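Hi everyone, thanks for coming. Let me put the model up on the screen before I start talking.

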Amino acid sequence: MSINEETQAVQTRKIVERFMHKLSDDDPTLYYASTSEVARGVHRMIKEHSNRLSVEEQKLVRHLSIKDVEVILGFHSK
């Protein structure tokens, strides 16, 4: 993985986490939901609110699938 690809992956993860936090703020019971349920909610929010993202962020999340979001959420990093 090149440095550019790694940077894109980090930025994508940050976008997904930002939407996940927004979703969990709206629904505190989300903590008890499965990763796949959370991923579906995050994916839906990204698609609904993609016009509010910068052009660069839109490029990063344009082709994300629910499974991609699930994988991102499944990895915990500092």
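I'll go through the core, then a helix pair, then a few residues.

A quick word on the source: this is a predicted model, where local features need pLDDT of at least 70, side-chain atom pairs count only at pLDDT 80 or more, and totals for chains, interfaces and linings use all residues. Residues are numbered from 1 along each chain as its sequence is written, and side-chain values use heavy atoms, with hydrogens and water left out.

Let's begin with the core. The largest nonpolar core has 16 residues. By nonpolar core I mean a set of buried Ala, Val, Leu, Ile, Met, Phe, Trp, Tyr and Cys residues joined through side-chain atoms within 4.5 Å. Buried is under 20% relative accessible area, exposed is over 50%, and partly exposed is in between, with a 1.4 Å probe and protein chains only. Val16, Phe19, Val42, Val69 and Leu73 have the most contacts inside this core. Two or more residues come from each of α1 (3-26), α2 (35-49) and α4 (66-74), and α2 gives the largest share, 5 residues. Helices here are DSSP runs of H or I, at least four residues, numbered from the N terminus.

Now the helix pair. α1 and α2 pack at an angle of about 105°, with their axes 9 Å apart. The axes are lines fitted to C-alpha atoms over the stretch in contact, and angles run from 0 to 180 degrees between N-to-C directions. That makes α1 roughly perpendicular to α2, a label for angles of 65 to 115 degrees. Among the residues that meet, α1 brings Phe19 and Lys22, while α2 brings Gly41 and His49; contact means heavy atoms within 4.5 Å.

Leaving aside residues up to four places away in sequence, Val16 touches Val42, Ile46, Leu64, Val69, Ile72 and Leu73.

Notes:
Parallel < 35°, antiparallel > 145°, perpendicular 65-115°, else oblique.
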